[in-house]
Amino acid sequence: GSESDCVVGTDVSLVIARAARQRMARAWPVRCRVAVSDVRHQAFKSHVFDQILSNSTLDHFPDRADIVASLEELRRILKPGGTLIITLDNPWNPVVWVRNRLPYRVLKRVGVIPYYMGVTLSRPELIRALESSGFRACGSTAVVHSPRALAILTARILAGRGGIRIRSCFQRLLWAFEQLEGLPTKYVTGYYVAVRAVRIED
């Protein structure tokens, strides 16, 4: 990229932001910055970003109003014509559906989820929320079709014990699951809904 290229990451936690800065510095070939910022009240001026990736960020709130407030803030800091790519937990996925109906205290105690998982939106609901917030949805899909909990557990086990051949077979198995994105059932098998949207000019 050019000298003006810069990747900026944000998190509401200073501890997480610092850890992310170290990971980003190793992973990205461009300048990296990290800011502590609440997505509902962004610590940036208006119209400063060309592209924004919101990767399962807005599905940790207890109220849908927080999602709407966050979308409005993302629009504010995005340049006119800029692109937002957003993913949320897919409420049509059976695992997500069941998880969201079980008490958080129980799920955390048994180690199923390490942090609070809040409300989310289905693909049609997300598209409507984006369009009401000043975006134009340009495309949507569902992603991560492998059994997520089992995949994470298996990856952790293989990271410490599995050889190169076993890890390679595991990666091919995960890739095979991702082919489900091409089927009409993708909004049931996908763990996340994903939408690409463009900020409409004022």
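Select helix H3 (94-99) and helix H4 (104-109): each supplies at least two residues of the lining of the second largest pocket. The model on your screen is a predicted one.

**Stop 1: the pocket**

The largest share of the lining of the second largest pocket, three residues, comes from H3. In total, 15 residues line this pocket. To find its centre, select Arg99, Asn100, Arg101, Met117 and Gly118, which lie nearest to that centre. Now colour the lining by residue class: ten residues are nonpolar, three are polar and two are charged. The space in the second largest pocket comes to about 210 Å³. Rolling a probe the size of a water molecule over the atoms shows where empty space is left.

**Stop 2**

Next, select strand S3 (residues 49-55) and strand S4 (residues 78-89). The two strands pair in the parallel sense, over six bridges. Zoom in on Phe49, which stands opposite Leu78 in S4.

**Stop 2: Arg75**

Stay with helix H2 and pick Arg75, which is found in this helix. Is Arg75 buried or exposed? Its relative accessible area is 15%, and the cut-off for buried is under 20%, so Arg75 counts as buried. Show the residues that Arg75 touches, leaving out those up to four places away in sequence: Ser133, Gly134, Phe135, Arg199, Ile200, Glu201 and Asp202.

**Stop 4**

Most residues other than glycine have a negative phi, and most peptide bonds are trans.

- His47 lies in the loop between strand S2 (31-36) and S3. Its phi is near 60 degrees, a positive value. His47 is partly exposed, with a relative accessible area of 34%.
- Ser56 sits in the loop between S3 and H2. Its phi is near 50 degrees, again a positive value. With a relative accessible area of 13%, Ser56 is buried.

**Stop 3: Arg167**

Finally, select helix H7 (residues 164-178), where Arg167 is found.

How values were computed
Residues are numbered from 1 along each chain as its sequence is written. This is a predicted model: local features need pLDDT of at least 70, side-chain atom pairs count only at pLDDT 80 or more; totals for chains, interfaces and linings use all residues. Side-chain values use heavy atoms; hydrogens and water are left out. Two strands pair if DSSP finds at least two bridges between them. Helices (H or I, at least four residues) and strands (E, at least two) are DSSP runs, numbered from the N terminus. On a 1 Å grid over the protein atoms alone, a cavity is a set of points where a 1.4 Å probe fits but cannot get out, and a pocket is an open set with protein on both sides within 12 Å along at least five of seven lines; lining residues have an atom within 4 Å of a point. Grid points are joined across faces, edges and corners, and a volume is the space filled by probe spheres set on the points. Ala, Val, Leu, Ile, Met, Phe, Trp, Tyr, Cys and Pro count as nonpolar, Asp, Glu, Lys and Arg as charged, and the others, Gly among them, as polar. Buried means under 20% relative accessible area, exposed over 50%, partly exposed in between (1.4 Å probe, protein chains only). Contact means heavy atoms within 4.5 Å.
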